[in-house]
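User: I'd like to go through the strand and core assignments here. Please set each label against its definition.

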Amino acid sequence: MIDIHCHILPEFDDGASSPEEAIAMAYMAAESGVTAIVATPHFPGKSSSLQRIEPLLERYDWLRRAVKAHGLPLKIYPGAEILCLPETAALAEEKALPTIGDTPYLLTEFYFDETFANMDAQLRVLLDSGYIPVVAHPERYHAIQADPALLRRWREKGCVLQLNKGSILGAFGPDPLDAAMAALEMRLADLVASDAHSATRRTPHMGALHQWMAENMDSDYTSVLLDRNPARLVTGRRILHLP
């Protein structure tokens, strides 16, 4: 498995609170069968955030070295979770937003109560600027909970849709759970990731998710969501859409 959404960088956002916790999270992920993680700290899409890019790169390098020093069979990719704000469009047009590695894939999030029209317009700007938006946890947005079929419109535009492990397992309540189940039933989800924030809550351990998917979904779609599409994404290849 490859986890493309994980707040494992220490002391940067509301993710790992220390280097020790970051390493504990790495051990948990590896133990559950994860072979690579994209480190995706929160990155508000505004010009003042650009000064955070250099410290981010330094933390990525530290994490890679630390994981290697502990002998963990875990590859670390750089990334960020971009919160779309009014300023984000200008940064997108300048190609200033940090993507997943050297790919055009951009992990993107919105405020949960953002309107569908505003989210749709912001995604169009990202697409027109040459990015491929990976919409983080769409099942948590109120507009999608009201009508999960709207995800098809984002899919048709060229966006990638990433569900959260916690939503599928019911950790965020019935509305995200129902929206996630609808996305899976309609096969509109492209990836599932941990969106982990610590070693004690919302962890990067993927064991329970893998077991649930093995018991409730066909093996081809499970492979696409957890292995094949994440592997294609981190290497910049086009993701797979099953019929």
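Analyst: First, a definition: two strands pair if DSSP finds at least two bridges between them. Strands (E, at least two residues) and helices (H or I, at least four) are DSSP runs, numbered from the N terminus. This is a predicted model: local features need pLDDT of at least 70, side-chain atom pairs count only at pLDDT 80 or more, and totals for chains, interfaces and linings use all residues. Residues are numbered from 1 along each chain, and side-chain values use heavy atoms, without hydrogens and water.

User: What makes β5 and β6 a pair?

Analyst: 3 bridges join β5 (residues 81-83) to β6, and the strands run parallel. The cut-off is at least two bridges, so they pair. Leucine 83 has glutamate 109 of β6 as its bridge partner.

User: Why is the crossover from β5 to β6 called right-handed?

Analyst: The chain passes through helix α3 (residues 88-93). With the strands pointing away from the viewer, a path over the helix that runs clockwise from first strand to second is right-handed.

User: Why is β6 called largely enclosed?

Analyst: Buried means under 20% relative accessible area (1.4 Å probe, protein chains only; exposed is over 50%, partly exposed in between). In β6 (residues 105-109), 5 of the 5 residues are buried, so the rest of the structure largely encloses this strand. Tyr105, Leu107 and Glu109 cover one side, Leu106 and Thr108 the other.

User: What makes a nonpolar core, and which residues have the most contacts inside the largest one?

Analyst: A nonpolar core is a set of buried Ala, Val, Leu, Ile, Met, Phe, Trp, Tyr and Cys residues joined through side-chain atoms within 4.5 Å. The largest has 61 residues, with the most contacts at Ile8, Trp154 and Leu184. Helix α4 gives the largest share, 5 residues.
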